[in-house]
Amino acid sequence: MQISIQRTAASRLNTIDFNDLPFGKIKSDHMFVADYYDGAWHDARIIAFDSISISPATSALHYGQAIFEGLKSHLNPFGVPLLFRPEQNSRRMNLSAERMCMPSLPEELFLEGLKKLIAIDKHWIPKDPAKSLYIRPFMFATDDSVGVRVSDSYTFIIFTSPVSPYYAQPLKIKVADKYVRSFDGGVGSVKAAGNYGASMFPTKEAYTEGYHQVMWMDGHEFKYIEETGTTNVFFVVGDKVMTPALDGNILDGVTRKSCIQLLKDKGIEVEQKRIDIHEIVAAYKQGILHDAFCTGTAASIAQIELFNYKEQDILLPPVATRRWSNYLNETLDAIKHGTVADTHGWIVEVNEQISVAG
Ligand SMILES: Cc1ncc(COP(=O)(O)O)c(C=O)c1O
């Protein structure tokens, strides 16, 4: 599909203080938009980032047919924008779409629109390597009707936002004992907007108790660890690295699968299994819980300082001693910035030259 480009006549780039980038607040100049109706995607376009006008009856607002993705772009040392495994986001978005009865978006259109958008707004990618351009693709139902049924029309948008790191310090986590993020047969394994809305109350409660995030547990017994906040979670016990197996309730994180591969490259086979929290607490008591960390696009590798389980603080060793989370953090960061060899073909360079004048 042809993607039309209408550049903004009034770039906001010069008004932005790149030293002050609160996560997600600042939007770049352009967005990529496509509309779905009559059974097909239409009118793929890059236009100025702006508000959109929708009917109060827009079905996504009422029944939650809304899904999203998140990825980032960094500059390599030559100033070329890089994307990290963007096809994974496209595929995962289509899995989310299928579960939510929404149309799939062709991978080529996702990647073409994304690359053109990044090429046009490449000056919005922070030059400071600690910062990045966060990319938010999303799709929502647009039928102007409050009947509870599958919408016939949808809008897909990608916009971008220059950001600082998501977490500034190691995390204090509360192990959930009352609320669940997802349940068997639900939508925990996809990026449905409602998952995030539902997690806000328990997260707020944990926050008021002094924690940064919630460790989500299985909904039957609150015994098996699933995820942490909006990230996957890993533990290092003795010489073993482990992460909860994808059980249908856990999001299949791009960072998670990349960490598993990077550890495999070092000869470490990550155990993907049901992790009983008692096993982790026992390891702590034996002094062999060496590391616990969260993985995600926004957070990258976020080390856990402590987690609180049944009123007991499980304290992790000093961050500097943590071999694998530090290794993964440095290695992923270097791959994403193009400063080490990309041996797995994860990086997509954005070399598009966009010549259309606005
Ligand atoms: C619930 C949840 N788990 C895990 C992740 C990490 O996934 P990724 O590494 O693809 O960002 C995310 C973020 O997308 C998430 O929302």
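Domain bounds here come from an automatic or database domain assignment. The model is predicted: local features need pLDDT of at least 70, side-chain atom pairs count only at pLDDT 80 or more, and totals for chains, interfaces and linings use all residues. Residues are numbered from 1 along each chain as its sequence is written.

**View 1. The two domains of the protein chain.** The assignment gives domain 1 (4-164) and domain 2 (171-336). Their centres, taken over C-alpha atoms, are separated by 27 Å. Domain 1 puts 20 residues into the contact, and domain 2 puts in 11 residues. Two residues count as in contact if their C-beta atoms, placed from the backbone, lie within 7 Å.

**View 2. The side of domain 1 that touches domain 2.** Helices (H or I, at least four residues) and strands (E, at least two) are DSSP runs, numbered from the N terminus. Four elements each supply at least two residues here: strand S4 (66-68), strand S5 (71-75), strand S6 (81-84) and helix H2 (86-99). H2 gives the largest share, six residues. By class, this side has nine nonpolar, six polar and five charged residues. Ala, Val, Leu, Ile, Met, Phe, Trp, Tyr, Cys and Pro count as nonpolar; Asp, Glu, Lys and Arg count as charged; the others, Gly among them, count as polar.

**View 3. Helix H2 against helix H3.** Two packed helices are described by the angle between their axes and the distance between the axes. The axes of H2 and H3 (residues 107-120) come within 10 Å and cross at roughly 130°. H2 is therefore oblique to H3. Axes are lines fitted to C-alpha atoms, for helices over the stretch in contact, and angles run from 0 to 180 degrees between N-to-C directions. Angles under 35 degrees count as roughly parallel, over 145 as roughly antiparallel, 65 to 115 as roughly perpendicular and the rest as oblique. From H2, Pro-86, Glu-87, Ser-90 and Arg-91 meet Glu-107, Phe-110, Leu-111 and Leu-114 of H3. This contact has four nonpolar, one polar and three charged residues.

View 4. Of the 13 residues around the ligand, Gly-253, Val-254, Thr-255, Gly-296 and Thr-297 come nearest. Helix H5 (254-265) and strand S15 (289-296) give two or more residues each. H5 supplies the largest share, three residues. The shell holds two nonpolar, nine polar and two charged residues.

**View 5. Helix H5 against helix H7.** The axes of H5 and H7 (residues 323-336) come within 11 Å and cross at roughly 105°. The two helices are therefore roughly perpendicular to each other. Ser-258, Cys-259, Leu-262 and Leu-263 of H5 make the contact with Trp-324, Leu-328, Thr-331 and Leu-332 of H7. Six of these residues are nonpolar, two are polar and none is charged.

Technical notes: A residue is near a molecule or strand if its C-beta atom, placed from the backbone, lies within 6 Å of it.
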